[in-house]
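Subject: Structure for you to look at

Dear colleague,

Please find below the structure that I promised to hand over, together with its sequence. Have a look at it first, and then read the notes that follow.

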Amino acid sequence: MKAGSNDFYQKVYEVVAQIPEGKVTSYGAISRYLGVASGARMVGYALNNYLAADLGYHVPAHRVVNRLGQLTGRAYFGDDTMRERLEQEGVSFTEPYTVDMSRHFWDPATLTEV
DNA sequence: TCAGTGACCTGAA
DNA sequence: ATTCAGGCCACTG
């Protein structure tokens, strides 16, 4: 494990942990909020690492979807685990594995406004 | 060390 | 409007 990048990972976990229930955000939004506009892929990588590392505190990684609202990480969560969790929080889907972004999209920048 | 891969995004044809 | 290609940074083999 490398130092430095770990901080980025931690930041990602922090932001994701701040996502309200029934809301979702995109990798690009998080990466831009962290200052790394082109690091969208790294966000997903961080979450993947989280699932493998299991930090200890709860990180709603299932609330993080791509810009299209597709549950791209469902395969890593376990097929329907991600979808069921979102449904449990009151998130609606336009498609079996696509979240209604126009209704449940949440931008990390909201943290500063709050 | 070099090369390939990835839970993505943006721009151009 | 849709489809294709490129780029981005970090990690693994």
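Among the contacts in chain A (a contact means heavy atoms within 4.5 Å) between residues at least 6 apart in sequence, 62% join residues at least 24 apart. Before going further, please keep in mind that this is a predicted model, in which local features need pLDDT of at least 70 and side-chain atom pairs count only at pLDDT 80 or more, while totals for chains, interfaces and linings use all residues. Residues are numbered from 1 along each chain as its sequence is written, chains are lettered from A and ligands numbered from 1 in the order in which they are written, and side-chain values use heavy atoms, with hydrogens and water left out.

The secondary structure of chain A comes to 7 helices and 4 strands, where helices (H or I, at least four residues) and strands (E, at least two) are DSSP runs, numbered from the N terminus. Read along the sequence, these elements follow the pattern α-β-α-α-β-α-α-β-β-α-α. The radius of gyration of chain A (taken over C-alpha atoms) is 13 Å, close to the 13 Å given for 114 residues by the globule rule, so the chain is as compact as a globular protein of that length; the rule itself is 2.2 Å times the number of residues to the power 0.38. Along the principal axes, the C-alpha atoms fill a box of roughly 40 × 30 × 25 Å.

Of the 114 residues of chain A, 37% count as buried, which is to say under 20% relative accessible area, with exposed meaning over 50% and partly exposed in between (1.4 Å probe, protein chains only).

Where do the nonpolar residues come together? A nonpolar core is a set of buried Ala, Val, Leu, Ile, Met, Phe, Trp, Tyr and Cys residues joined through side-chain atoms within 4.5 Å. The largest such core has 17 residues, and those with the most contacts inside it are Val 12, Tyr 13, Val 16, Ile 30, Val 43, Leu 47 and Val 64. Two or more residues each are given to this core by helix H1 (5-17), helix H2 (27-34) and helix H3 (40-53), and the largest share, 6 residues, comes from H1. A second, separate core of 8 residues includes Val 24, Val 65, Leu 71 and Met 82.

In H2, Tyr 27, Ala 29, Ile 30 and Ser 31 are buried. Not counting residues up to four places away in sequence, Ile 30 touches Val 15, Val 16, Thr 25, Val 43, Val 64 and Pro 108. Ser 31 counts as buried because its relative accessibility is 0%, and, with neighbours within four places left aside, Ser 31 is in contact with Val 36, Ala 37, Gly 39, Ala 40 and Val 43. After H2 comes Gly 35, whose phi is positive, near 100°.

In helix H3 you will find Gly 44, which counts as partly exposed because its relative accessibility is 24%.

Finally, Val 65 lies in strand E2 (residues 64-65) and counts as buried because its relative accessibility is 0%. Its contacts, leaving aside neighbours within four places in sequence, include Val 24, Tyr 27, Leu 71, Met 82 and Met 101. The C-alpha atoms of Val 65 and Tyr 27 are separated by 6.7 Å, although these residues are 38 apart along the chain.

With best wishes
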